[in-house]
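Please prepare a briefing on the protein shown below, with the conventions behind each value stated alongside it.

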Amino acid sequence: MSDFFQRIASPVFKVVALQFTIATFFSAATAYFGSVERGWSAALGGAIAVIGSLVYAMIVAGETNDAKKAFRTHFRAEMVKVFITAALFITALVLFSSAAWLWLIIGFAVATLAYWFALLAV
């Protein structure tokens, strides 16, 4: 693994790890102060956001010095992330009909906001 790749990959995956940590703490707090069903729903929403971010990070963490290639890679990664997020929401809708949907969406929103705040920390 090249030095360039390690310098890029480390902060990219730190953002995803921070997002995962915040989503985990939020879902645990929701389960503690609310109910276990709400906590699991928030965890499921957070997992959807984290999985999408992880896939994005895995696609863009490669090595390139070409601006056009980097742009295409980020665009492709974002499209894949949107598709995976939509597929995971549909899967959650079908498989977990007993989930508290408001808390699933709030868990997703908190994990997504955590992603943006994590970018400031890295």
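Is Leu 95 buried or exposed? With a relative accessible area of 59%, Leu 95 is exposed, where exposed stands for over 50% relative accessible area, buried for under 20% and partly exposed for the range in between, computed with a 1.4 Å probe and with protein chains only. This is a predicted model, in which local features need pLDDT of at least 70 and side-chain atom pairs count only at pLDDT 80 or more, whereas totals for chains, interfaces and linings use all residues. Residues are numbered from 1 along each chain as its sequence is written, and side-chain values use heavy atoms, with hydrogens and water left out.

**Overall architecture**

- The protein has four helices and zero strands, where helices (H or I, at least four residues) and strands (E, at least two) are DSSP runs numbered from the N terminus.
- Read from the N terminus on, the elements follow the order α-α-α-α.
- Taken along the principal axes, the box filled by the C-alpha atoms is roughly 50 × 30 × 20 Å, and of the 122 residues in the protein, 29% are buried.

**Packing of α2 and α3**

- Helix α2, which covers residues 36–60, packs with α3 at an angle of about 155°, their axes being 9 Å apart; the axes are lines fitted to C-alpha atoms, for helices over the stretch in contact, and angles run from 0 to 180 degrees between N-to-C directions.
- The two helices α2 and α3 are therefore roughly antiparallel to each other, given that angles over 145 degrees count as roughly antiparallel, under 35 as roughly parallel, 65 to 115 as roughly perpendicular and the rest as oblique.
- The crossing of α2 and α3 is right-handed, a term used if the near helix is turned clockwise from the far one by less than a right angle, with left-handed used if it is turned anticlockwise.
- In the loop between α2 and α3 sits Gly 62, which counts as partly exposed at 37% relative accessibility, and its C-alpha atom is separated by 9.1 Å from that of Thr 73, eleven residues apart along the chain.

**Nonpolar surface patch**

- Leu 95 belongs to helix α3, residues 67–95, and together with Ile 90, Leu 93, Val 94 and Phe 96 makes a nonpolar surface patch of about 540 Å².
- Patches are made of residues with over 30% relative accessible area and no salt bridge, with nonpolar side chains (Val, Leu, Ile, Met, Phe, Trp, Tyr) joined within 5 Å and like charges within 9 Å.
- A salt bridge here is a side-chain nitrogen of Lys or Arg within 4 Å of a carboxyl oxygen of Asp or Glu, and accessible areas come from the Shrake-Rupley method with a 1.4 Å probe, with only the protein chains shown counting as cover for residues.

- Leu 104, located in helix α4, is buried with a relative accessible area of 0%, and 4.6 Å separates its C-alpha atom from that of Ser 41, 63 residues apart along the chain.
- Tyr 115 also lies in helix α4, residues 101–121, and counts as buried at 15% relative accessibility; the C-alpha atoms of Tyr 115 and Gln 19, 96 residues apart along the chain, have a separation of 5.3 Å.
- Val 12, part of helix α1 (residues 3–33), is partly exposed with a relative accessible area of 23%, while 8.8 Å separates the C-alpha atoms of Val 12 and Leu 119, 107 residues apart along the chain.
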